[in-house]
Amino acid sequence: MEDFEVPVFKKAYDFYRKLFVCVENFPKHIKYTIGQRCEHLLAEILADILQASQVPKADKITYLKQASRNLNLLRIHVRLLKDVGTLDQDVYIEFQEIIDDIGRQLGGWIESLSPSSSRPQ
């Protein structure tokens, strides 16, 4: 499978495109603080997913867990953007749904790599 065809990578990339357009319209003091931090976190998530798709199975979990941690930080930043009035409720809900979906996909990938998931039940 092509590295860029990994479903969670595609979902995160599409979210990055949406977030980028949104951040461009933020007020300067938000754009260059929280907005940049969100973009940076999402770029890190993409890099971690890409790394995980390219390394041997035994090494994937490290990158996926890092992506998951960064996703949780991104979730907090997006909530902050809503709380300070930069994101309206509809955009916030859309972004949280996307973040939740990425989290489910990462969690499923992590679970599929854990030793307990390979044991017969």
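The model is predicted: local features need pLDDT of at least 70 and side-chain atom pairs count only at pLDDT 80 or more, whereas totals for chains, interfaces and linings use all residues. Residues are numbered from 1 along each chain as its sequence is written, and side-chain values use heavy atoms, with hydrogens and water left out.

The structure holds two aromatic pairs. Rings of Phe, Tyr and Trp (its six-membered ring) pair if their centres lie within 6.5 Å; planes under 30 degrees apart count as stacked, over 60 as edge-to-face and the rest as tilted. Phe9 and Tyr13 form a stacked pair, with 6.4 Å centre to centre and 15° between the planes. Both residues, Phe9 and Tyr13, belong to helix H1 (residues 7–24) and are four residues apart, about one turn of the helix. Tyr13 is partly exposed, at 42% relative accessibility.

## The second aromatic pair and a charge over a ring

Phe15 and Phe95 form an edge-to-face pair, at 5.0 Å centre to centre and 80° between the planes. This pair links distant parts of the chain, as Phe15 lies in helix H1 and Phe95 in helix H4 (residues 89–113), 80 residues apart. Phe15 and Phe95 are both buried.

A further contact involves a ring and a charged group. The charged end of Lys82 sits over the ring of Tyr92, 4.9 Å from its centre. The criterion is that NZ of Lys or CZ of Arg is within 6 Å of the ring centre and within 35 degrees of the ring normal.

## Overall architecture

The protein chain has four helices and zero strands, and its pattern along the sequence is α-α-α-α. Helices (H or I, at least four residues) and strands (E, at least two) are DSSP runs, numbered from the N terminus. The C-alpha atoms fill a box of roughly 50 × 25 × 20 Å, taken along the principal axes. Of the 121 residues in the protein chain, 37% are buried.

Glu5 is in the segment before H1 and is partly exposed, with a relative accessible area of 43%. The C-alpha atoms of Glu5 and Ser53 are separated by 9.9 Å, although the two residues are 48 residues apart along the chain.

## Helix packing

The axes of helix H2 (residues 28–54) and helix H3 (residues 57–83) come within 8 Å and cross at roughly 160°. H2 is therefore roughly antiparallel to H3. Axes are lines fitted to C-alpha atoms, for helices over the stretch in contact, and angles run from 0 to 180 degrees between N-to-C directions. Angles under 35 degrees count as roughly parallel, over 145 as roughly antiparallel, 65 to 115 as roughly perpendicular and the rest as oblique. The crossing of H2 and H3 is left-handed, meaning that the near helix is turned anticlockwise from the far one by less than a right angle. The residues of this contact comprise 17 nonpolar, six polar and four charged. Ala, Val, Leu, Ile, Met, Phe, Trp, Tyr, Cys and Pro count as nonpolar, Asp, Glu, Lys and Arg as charged, and the others, Gly among them, as polar.

H3 and H4 pack at an angle of about 165°, and their axes are 10 Å apart. H3 and H4 are therefore roughly antiparallel to each other, and their crossing is left-handed. The contact of H3 with H4 divides into 14 nonpolar, four polar and seven charged residues.

Key:
Buried means under 20% relative accessible area, exposed over 50%, partly exposed in between (1.4 Å probe, protein chains only).
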